[in-house]
Amino acid sequence: MADQENCVRVTRAAKKRAAAVNAEDQPANKKRVVLGELSNLSNVVVSVNPSLKPESQKPKGKSKTKVKRALVPTKEETKTTKKEDVEPDVDIDEKSDDPQMCGPYVSDIYEYLHKMEVDPKRRPIPDYIEKIQKDVSVNMRGILVDWLVEVAEEYKLVSDTLYLTVSYIDRYLSLNALNRQRLQLLGVSSMLIASKYEEISPPNVEDFCYITDNTYTKDEVVKMEADILKSLKFELGNPTIKTFLRRFTRVAQEDYKASNLQLEFLGYYLAELSLLDYACIKFLPSLVAASVIFLARFIIRPSKNPWTSTLRQYSGYRPSDIKECALIIHDLYLSRRGGTLQAVREKYKQHKFKCVATMPSSPEIPLCYFEDIEG
């Protein structure tokens, strides 16, 4: 009997030891993590419960040293940081909420966008009014675009929607001759498509009929929408001026200690002015964006050359490349071109845009600013 009791005790003790060993070997149950809760794990120090490890396996001084090295930069790292302060990499921005501005991807993204913007399928013909249109004039196009700026403001549409709308209009008119009575119909139908592409809650068809004072019926707008989509072969995702302006603005702000809203809003104003002018169609969106940044910096600081080697590096354009476009937009800014088109000008006179449309500018840009920078 005693032998049996001893045997049972031994067996129970063995089971307890086995259970303890199994519990130690098995990993603790992990809670599922929602995708949005995942963080960058490159700098995370994982803590281990020391009670799960025997004394012989507990980390000693080395782990503390590693954590300290991760938090405190070495002399070499400090030197590197100082060097980067002199030549900043604008693509490194951990605080950016825009996925297109994320450092590891932004160079590849913009390389792809540059290839896309030169695709003939996504480009209007620079002289389509002379070659294709018989009843639509340059002035009519300008009036339509200026009115669409008001429509976008009325329905609180994002600026990307406006840029895509104008792109669809120019591409459609490059392929189809249109009667002038249907030009406004083309405008609202293009904006309907762009809204569906860009907006979270786009206006409905009835809204676009209403904004034309019911000049067109719902069926006419829908039919024109289908005609536009067929003509564009559903190639809707063009890079626009705004696409490139986002990145160039960040580069242009490199010599400001904080984000300069005046420069940003002035760039938006100049870019929307360029939409009004038929002469700007021949320029690639990235070139117009570069010209806008050149001109915005000149207006704010006319005594300083607005183009830098960093801007040349990130935009890919020399001052001589953007000269023609920059001069056209400068004339628009001074109302020497398109002076009768007031919607964009009134929009950027508002305080929420820091009244950038009222900023004075030198009547002439020194030609020396368009000389190419070496290096």
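Ser274 is buried, with a relative accessible area of 3%. This residue belongs to a predicted model, in which Ser274 lies in helix 12, spanning residues 261–276. The briefing covers two buried residues, Ser274 and Thr243, and then two helix pairs, helix 6 with helix 8 and helix 13 with helix 15.

- When neighbours within four places in sequence are set aside, Ser274 is in contact with Ile241, Cys280, Val288, Ile329 and Leu332.

**Thr243 in helix 11**

- Thr243 is placed in helix 11, which covers residues 241–252.
- Its relative accessibility is 10%, so Thr243 counts as buried.
- The side chain of Thr243 reaches the backbone nitrogen of Thr240, at 2.9 Å.

**Helix 6 against helix 8**

- Helix 6 (residues 138–154) packs on helix 8 (residues 183–198) at an angle of about 40°, and their axes are 10 Å apart.
- Angles under 35 degrees would count as roughly parallel, and 65 to 115 as roughly perpendicular; helix 6 and helix 8 are therefore oblique to each other.
- The crossing of helix 6 and helix 8 is right-handed.
- Helix 6 contributes Met140, Arg141, Leu144, Trp147, Leu148, Val151 and Ala152, which meet Leu183, Gln184, Gly187, Val188 and Met191 of helix 8.
- By class, this contact of helix 6 with helix 8 comprises nine nonpolar, two polar and one charged residues.

**Helix 13 against helix 15**

- The axes of helix 13 (residues 285–300) and helix 15 (residues 319–333) cross at roughly 60° and come within 9 Å.
- Helix 13 and helix 15 are therefore also oblique to each other.
- Helix 13 passes helix 15 in a right-handed crossing.
- The residues in the contact of helix 13 with helix 15 divide into 13 nonpolar, two polar and one charged.

Conventions: Residues numbered from 1 in each chain as written. Predicted model: local features only at pLDDT ≥ 70, side-chain atom pairs only at ≥ 80, totals over all residues. Heavy atoms only, no water. Helix = DSSP H or I, 4+ residues; strand = E, 2+ residues; numbered from the N terminus. Buried < 20%, exposed > 50% of the residue type's maximum accessible area, 1.4 Å probe, protein only. Polar contact = N/O pair within 3.5 Å; in protein donor to acceptor, adjacent residues only side chain to side chain. Axes fitted to C-alpha atoms, helices over the stretch in contact; angles between N-to-C directions. Parallel < 35°, antiparallel > 145°, perpendicular 65-115°, else oblique. Left-handed = near helix turned anticlockwise from the far one by under 90°. Contact = heavy atoms within 4.5 Å. Nonpolar A, V, L, I, M, F, W, Y, C, P; charged D, E, K, R; others polar.
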